[in-house]
Amino acid sequence: MHDDPSANPAVPAPDLAQHSEPVTLPTDRRKGCPFDPPAELTQYRDEQPLRRLRFPDGHIGWLATGHSVCRAIMADARFSSRKELMHDPHMDIGDMEMPPAAPGEFLHMDEPQHGRYRKLLAGKFTVRRMRLLTERVEQVTADHLDAMEKAGTAVDLVSAFAKPIPAIMICELLGVPYQDRNSFQEQAATIFNSDNLDDKMAAYTAIQAYLTQLVAAKRTEPTDDILSDLTESDLTDEELIGVGFLVLAAGLDTTANMLGLGTFALLSNPDQLAALRSDPSLAGQAVEELLRYLTIADPMLRVALEDIEIDGRLIKAGEVIVVSLQAANRDPAKYPEPDRLDLHRKAIGHLAFGHGAHQCLGQQLARVEMSVAFPALLTRFPTLRLAVPPEEVPLRANPGIYGVQSLPVTWDKE
Amino acid sequence: MAVTLTITVDRDRCVGAGMCALTAPEVFDQDDEEGRVVVLDTEPAPAHQAAARHAAGLCPAAAITVTATDTTTHQQ
């Protein structure tokens, strides 16, 4: 039984009439503004950082867009990540029920299940361990810059640089043969992006089969990598496959998009690009600002497990909240002139990696990769520029992770 | 005014994200097993106090507590 909110003086009066109409989730970015959140999203944040949202299936939940309220929701364990309790903010899945998280899919679990997996992995991705990879990242980056030079004076930066560098790193860490990554990447893309259910199922089956044989191989012949280490834990084969899928998919599709979209953003802000090129020691804070400015993984979903009062509103048990990290990271209440890319800004406190118990496990790896790759690229190619007009750069429509599909670039031969 | 900062952590809450070790490496580290916070310096010197406070504020699990005590001794 829930308390009557009107009986509690701490709970404010119902919504102001003009703000009570639920909105739908804005997803279309303005033409010519590939780096900015959809204009309506920004407008909603400035009007009301927590407001009612109508989901495609008719559920009336919430849209959180302000930095402080988004952070508070992500930090609060009374807001669950369990998949089976969610409503999809992008499409009506009809009578299909969201299944609970598969074994190992701890992104969609709460405590204590989530923590059991997370603690097995967190020690593998610490700040110290990831910094020890710096030399390896430098070497892999240099190899790809060499190959670009040899290729001539133009490449698609996504396939020549942005994708392979993080892919090699996560494959090596996890213990996945690098030559297998392409088929894995294709199948993962089908699972996440395809509208065809048969294709999705086929890709899912193929990935399961691949990871099943990989886990079996690690059990019989362990190598020096995370997946082999995990075979010594109490995780079942099924759980190992789930964890392997999650870590590999996350490692292949996140930093790659930051490198691609981030380079596009730098090329579109020549003064900022010049600042980073002339002072590579700016890389650490430049990466934080690019993370804030681009916030490619968005939105996050949470569901209230009980009635919760937050930011002066009452969220009822069962209501789903779309937490818009990209809107939060452009909140003028947190960052002055939020829509300006400013590499000298202290962007600390951004929510690009999320917040709370689920905050990105691989964030320290991503930081090392980006801190190495961006300055190395700019230093190697002083005349790097887009090879097409900016409006012709194809953007990803993926509702989970934003980026560029390809980034045609060119440079002058020395 | 001299201020002593005392750092305490709740390792059960810690989720091993590494924000503390990133932000205040002189004060915090992570263990190699579960990535959980290790306090290197429970009373950081003034030069590291601001970073320690930042780290506490950034912790995604609110596992770090910073207590400030005024330790100025008043001369007669």
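Begin by selecting A:A64, which touches A:P49, A:L50, A:V69, A:C70, A:I73, A:I321, A:V322, A:V323 and A:S324, leaving aside residues up to four places away in sequence; touching, or contact, is taken to mean that the C-beta atoms of two residues, placed from the backbone, lie within 7 Å. What you have open is a predicted model, in which local features need pLDDT of at least 70 and side-chain atom pairs count only at pLDDT 80 or more, while totals for chains, interfaces and linings use all residues. Residues are numbered from 1 along each chain as its sequence is written, and chains are lettered from A and ligands numbered from 1 in the order in which they are written.

Stay with A:A64 and widen the view, for A:A64 and B:A55 are the residues with the most contacts inside the largest nonpolar core, which has 135 residues. Such a core is a set of buried Ala, Val, Leu, Ile, Met, Phe, Trp, Tyr and Cys residues joined through C-beta atoms within 7 Å, where buried means that 20 or more other C-beta atoms lie within 10 Å of a residue's own, exposed means 12 or fewer, and partly exposed means in between. Which helix gives the largest share of this core? That share, 10 residues, comes from α16(A).

Next, select helix α16 (residues 363-380) of chain A together with helix α7 (residues 164-174) of chain A, which pack at an angle of about 140° with their axes 11 Å apart. This angle makes α7(A) oblique to α16(A), since angles under 35 degrees count as roughly parallel, over 145 as roughly antiparallel, 65 to 115 as roughly perpendicular and the rest as oblique. To find the contact, colour A:I165, A:P166 and A:M169 on α7(A), and A:L365, A:E369 and A:A373 on α16(A).

Now move to the loop between α14 (283-294) and β5 (300-304) of chain A, where A:P299 is found. The peptide bond from A:D298 to A:P299 is cis, with omega near -5°. Is A:T295 buried or exposed? A:T295 is buried, because 24 other C-beta atoms lie within 10 Å.

A further positive phi, of about 55°, belongs to A:D311, although this residue is not a glycine. Look for A:D311 in the loop between β6 (308-310) and β7 (313-315) of chain A; with 17 C-beta neighbours inside 10 Å, A:D311 counts as partly exposed.

For the last stop, go to the loop between β3 (79-80) and α3 of chain A, where A:P112 has its place. A cis peptide bond joins A:E111 and A:P112, with omega about 0°.

Technical notes:
Axes fitted to C-alpha atoms, helices over the stretch in contact; angles between N-to-C directions. Helix = DSSP H or I, 4+ residues; strand = E, 2+ residues; numbered from the N terminus.
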